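I opened this one to see how the chains are built and where they meet. Here are my notes, in the order I looked things up.

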Amino acid sequence: MLTTEQLLKIALLTDTVLYPEAVAFIRQLVNEEESDPLPLSQVNGLLNVAASSKYSELYTFVVHQRDRNWPQSKADIKKFCAALERYLTNMQRRRLKDEFHLVTDGLNGSDARRESEELMAAMAYDFIQHLVAENDLLDKTTRRR
Amino acid sequence: MSNKKVSEMKIISEVNNEAENFYEDAIQLGDHAAYALKAAHRSQVTSLEGIAESTLKTSDVFDYIKKQTARFPYWREGFPEHASQGLGERLLKYLEDDLVKKRDEICKKLGIGSQTDTDKQKRRRIQLLLIRQFIRQMAAQYEFRVSLVGGRNRGS
């Protein structure tokens, strides 16, 4: 279970790091890589998985969506999921410990894995929530097809 | 009195001073909200106030405005004096950009840095207090404006 200190830190990171990065993430795909915003059914599905699942299940879902054989008309979904998978992997492997200093030192293997799962679940949910809000907004203004 | 207590009092005092300065801006956004939402969509304003008062994260307020702007056309409605910007876009810009500048001014005045987690938490809290004050003022103006319009309609 995460400590109060960790939860406060996550709230801070949400406002100062995850929110601006989620906005930049979607804008990069839509404005610079000329993707469409994701269909609302896709992003809401992703948010539901993030809200109701363990982090490992969320990650499996993102990988599954990335690796699906999407028709050309839905190639943007594949691109989005590939970018999201990279973002989440980088966060779990590097940023949790080295940049965000959220990881408790000295935990044994299984406790460290459990803590990492809990931290990632909280961080990923917040990040995806911001993605969904920005995506919804862009969907109203920039849909190309 | 401890330093922490003095600092808290100073923060509240500075936020209140700043709220006096942005009152006119809140009036304008309140008028825009009344024009776009009308009395029929009062719950949009009360929900916005509710989120701002209860959340610990500024991003929750921004996400709410984005989602409502995407979902409802009246959140995208312009205002005669600001036809190019819809209500949601204009409010978001004010809260995300203008209030951040005001927060930075307060932090500078109070000597609150931006490097340690403690200072970052203080900066975030000041921004949230500014957002709450602004939305309270805006909501009050919205209520005042729609009540005038409602009164005129009943009188006619």
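Predicted model: local features only at pLDDT ≥ 70, side-chain atom pairs only at ≥ 80, totals over all residues.

Confidence first: chain B has a mean pLDDT of 91, and 91% of its residues reach 70 or more; pLDDT is the predictor's confidence in each residue, from 0 to 100. For the complex, the predictor gives an ipTM of 0.91 and a pTM of 0.92.

Residues are numbered from 1 along each chain as its sequence is written, while chains are lettered from A and ligands numbered from 1 in the order in which they are written.

**Helix α5 of chain B**

I checked the length of α5(B), residues 87-110. Helices here are DSSP runs (H or I, at least four residues), numbered from the N terminus. At 1.5 Å a residue, its 24 residues should span 34 Å, and the end C-alpha atoms are 33 Å apart, which agrees; the expected span is 1.5 Å times one less than the number of residues.

I also found a kink of about 30 degrees in α5(B), centred on L99(B). The bend is the angle between axes fitted to the seven residues ending at a residue and the seven starting there. L99(B) is also one of the buried residues of α5(B), which include L91(B), L95(B) and R103(B). Buried means 20 or more other C-beta atoms within 10 Å of the residue's own, with C-beta atoms placed from the backbone. An α-helix has 3.6 residues a turn, so residues three or four places apart point the same way. After α5(B) comes G111(B), with a positive phi near 70 degrees.

**Where the chains meet**

I looked up the contact next: 14 residues come from chain B and 15 residues from chain A, counting C-beta atoms, placed from the backbone, within 7 Å. On the chain B side, α4 (58-71) and α6 (117-155) each supply at least two residues, and α4(B) gives the most, with eight residues.

Is A52(B) buried or exposed? A52(B) is buried, because 22 other C-beta atoms lie within 10 Å. A52(B) sits in α3 (residues 42-54) of chain B. Leaving out residues up to four places away in sequence, A52(B) touches V61(B), I131(B), R132(B) and I135(B).

Beyond four places in sequence, I listed the contacts of A124(A) too: A50(A), Y55(A), L58(A) and L88(A).

Conventions
Buried ≥ 20, exposed ≤ 12 C-beta atoms within 10 Å, placed from the backbone. Contact = placed C-beta atoms within 7 Å.
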